[in-house]
Structure formats: structure tokens, C-alpha cells
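Here is a short tour for anyone who likes to see how two parts of a chain sit against each other. Have the viewer ready.

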Amino acid sequence: MWSYYPDLLARPVPRYTSYPTAAEFTDQVGEAYLGNALDHVPQGQPVSLYVHIPFCEEICWYCGCNTGRSNKAQRLTSYLEALHAEIRTIAMRLGGRARVQRIAFGGGSPNAIPPVEFARLVDELMVAFGCGAPVLSVEIDPRGFDARWAMTLGVSGTKRVSLGVQTFDPAIQAAIGRVQPRELIVTAVDRLRSNGVRSINFDLMYGLPGQDLTLLTRTLEEAIAMRPDRIALFGYAHVPHILPRQKRIDATNLPDQAERFAMAALGHDQLVAAGYVPVGFDHFALPHDDLAKAQQQGTLRRNFQGFTEDQADVLIGIGATAIGQFPHLIVQNDKNSGRYRMRACAGRLTGERGIVRDADDRQRGVIIEDLLCGRAADVAPYVHREPIRAGLQPFLSRDLAVLDGSMLRITDEGRPYGRAVAVLFDRHRAVSQQRFSSAI
Ligand code: SF4
């Protein structure tokens, strides 16, 4: 059982899907930097692609994604036209040098577009990038996921799907604006499995309005009974000052931090008891799954899609707000969908904001990634710096972390404090605190 130290969790911390985080992006770094990075991708470089579909049939009140309603056919059509154009522009800049091994579709909900449009996108990507047999993964909203969509995923060779489940409790579903009966999830899972999808992830949440330990246990039991290969158990972050759509959620009914901590601990224990391997700080996977294997073999990585077994150092973002990552650079595409479409359709790259990572950023980035993925990092360059030593002390003195020479290790007991330790190595974190959420 984990011990609760509120003083160590008081500080809002990033989720570190990149370092530096998006809060450090500036508009000084954009299209030209992205073009230069693409032009210098070496021959044979393994590359992953992320394609963003910013549409959903219904908008959930808690959602932090860049997405809008898919109810206007013209908006969908012109966005898809821009995506196709951007794919061709990027492929031309790469000149056939990249070896595309993975393509992830996220959003929004990729299944907010017609399945035939998804098939066209996959074809365009395969031809433009000369892909062999990339690993295809797709985020799916179970609402609106019909048999035709499932068949299209099967025909495209999609092997990984992530389902937005969040909670099975009907009252909580109503309180967060996402009503989806259990049968919908059961049907979606059946359809995915019968169409050859081998790795299914459930996104679940704790810290939801009206949720308590009993209700969370029931949701976890329902999930475990369906045996998804992966489960991501996120803490709901209530930040209506950043995400106005969350104002519809009744904040008076939210669990406090001590209750959230207990929920995270319960989730961990219940999933481990059910045979799941804990991965990073909020993922779980069955032992046969590649994510569990990566955790056990020490090859787990973290990128914009969360914890991953993907080893590629170059990730190219396609679509409005998509983020691309190169060893020296992070660039985000234009968030404004009108501007995005105009630029993409004019044959331009759409990178708009980003950051050049200097040597110190890269070194700190490795430490933060190692701490979050493997709970251990060589912190040699920073171990004697006073603010870091002082910051580590409360974790060391409570056996939440151990420092052996320059090797810093987060103990089992320290698991829920991983992000609170990692933030000590973030040189940018004196500012922009309010953008982030609690570490638990
Ligand atoms: S379906 Fe997913 S992406 Fe769409 S609004 Fe709901 S949480 Fe956000």
C-alpha cells in the first residue's frame, strides 16, 4: 500500500509527453524549422507518423483534446482534403529516405469520419511514404463504431485500437457528458477481435464527479472481465480555466486529493492482482502485450501518445495541432483549422509553434523519460546542483527514492510520486504551473 504525502503532491506537474513540454513552445519555431528537419532526415531513418482527426460525433465535457463536432460534411471534406495534401508535401520533403514503421490515428475520434475516408487516408500514406507493413493503431469512440468501421480496420490491417471507455457507471457517465452503455463496449470489443485487432486498450478515469472507491472497483471489474490487452488509468484533471467545456461538470462533487490518491492506489492493486503489469505511471498491460514486454525489457519510451514500445526517434505529426518530434526539435502544426487547411492545401508545411532542444534539454529529457518509464536514471550532471539535491531530500528521506552514486531510483513505494520527482529536473518549471494538473 502506498503512503499519502500531500506535501509532495501539492505542486502541479506536467505529464511529460515531451521535454520541454508544449508550455515552452514559441512561435519563433515553425514551418522553416520543420522543413529543415524533414530535409535532413537520414536515409533509412525509422519514422513514426501521427495523423490527427479533430472531430467527434459528441463532445464529452471533460475532454482536453483539440476536437469539434463532426456534424458538418463540408468541414470534414475540406479537412480531409488538407490532410491528403499535407501527406504529399511531407512525403516529398522526405524524398523516400524515411522508413515508416508505425502510423497512429488519433484525435478527436478517427471514427468520426466515414470508414471509406479512413481507407483512402491509409492508401495515401502507404503510397506516399512507400510503407511496407507498418503497425497501424487507431483511437476509437465506441459510440458510432459500427460493423462497417470494424471491417475497414480489419481490411487495413489495423492491429491496435484504443477505446475511450472512462467509466461504466451510468450516473458518472451522465455527469461527464459521455453516455455509452456497457453493451456498446462489449459489441465494440467483439467486433475488433473478430476483425483481427490483437491489442485493445481501454482508457479509464478516476477522480470523476461522484466517483468513490466502490464505483471505481466496479468499473475496473467490468473492464477486467473483458480482458483488454492494455488499460490506461488516468486521473481526471479539472481545469475549467483552461478547458471551458469542463464548466459543465459539477466541481462540488469531485473527489479530493486524498480520495484521488486512494483511487490511484486501488486501481494499481486491482489491476496487478488481475494479472496486469504496471507500465510507467498510469498504464497497465497483460504480460503478452508489447507494452508490458517493453516495460520488462527496459525499452519503454514516452512520446505524445503516452507510454509506447515505439523506438523511433522521429515522429512526424500530420493534421491540425499534431506535434512532430525530432532529436533536436519539437514542432506543433497550426491549431487553427481554417489556417491549417489553407496552408496544407497550398502545399506548405503547417508547423507553427515549437522549440529547438539544446544539449541540456536533451540530457534532462532523457532523465525525465527514464524516471517515468523505468523509474531509474543516471542523474550525474545534476546530482550536485543544490536546488535538485534539496528537492530530492523529502523523497529520499521517506524511502520513495534512492540515490546510489549518481543513479536515482524511484522505489515501489515511490511509484505515485514519479512525476513529482521528474519535475525536479525540469529547468522550465518555475513558470506556467497553472497549466498542469496534480501528479495523482
Ligand atoms: S470522444 Fe474522445 S476526443 Fe471526442 S470529445 Fe470525447 S473524449 Fe474528447
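## What counts as a salt bridge

A salt bridge here is a side-chain nitrogen of Lys or Arg within 4 Å of a carboxyl oxygen of Asp or Glu. By that rule, two salt bridges cross the interface of domain 1 and domain 2. Please keep in mind that this is a predicted model.

Look for Glu369 and Arg301: their side chains form a salt bridge, with 2.8 Å from N to O. Between domain 1 and domain 2 there are also four residue pairs in polar contact, counted with both residues at pLDDT 80 or more.

How much area do domain 1 and domain 2 bury between them? The figure is about 1,400 Å², with 54% of it on carbon and sulfur atoms.

## The whole chain

Zooming out, the protein chain contains 14 helices and 19 strands. Its C-alpha trace spans about 55 × 50 × 40 Å along the principal axes. The radius of gyration is 21 Å, which agrees with the value near 22 Å that a compact globule of 440 residues would have.

Technical notes: Residues numbered from 1 in each chain as written. Predicted model: local features only at pLDDT ≥ 70, side-chain atom pairs only at ≥ 80, totals over all residues. Heavy atoms only, no water. Buried area = accessible area lost by both parts, 1.4 Å probe. Polar contact = N/O pair within 3.5 Å; in protein donor to acceptor, adjacent residues only side chain to side chain. Helix = DSSP H or I, 4+ residues; strand = E, 2+ residues; numbered from the N terminus. Rg over C-alpha atoms; globule rule 2.2 N^0.38 Å.
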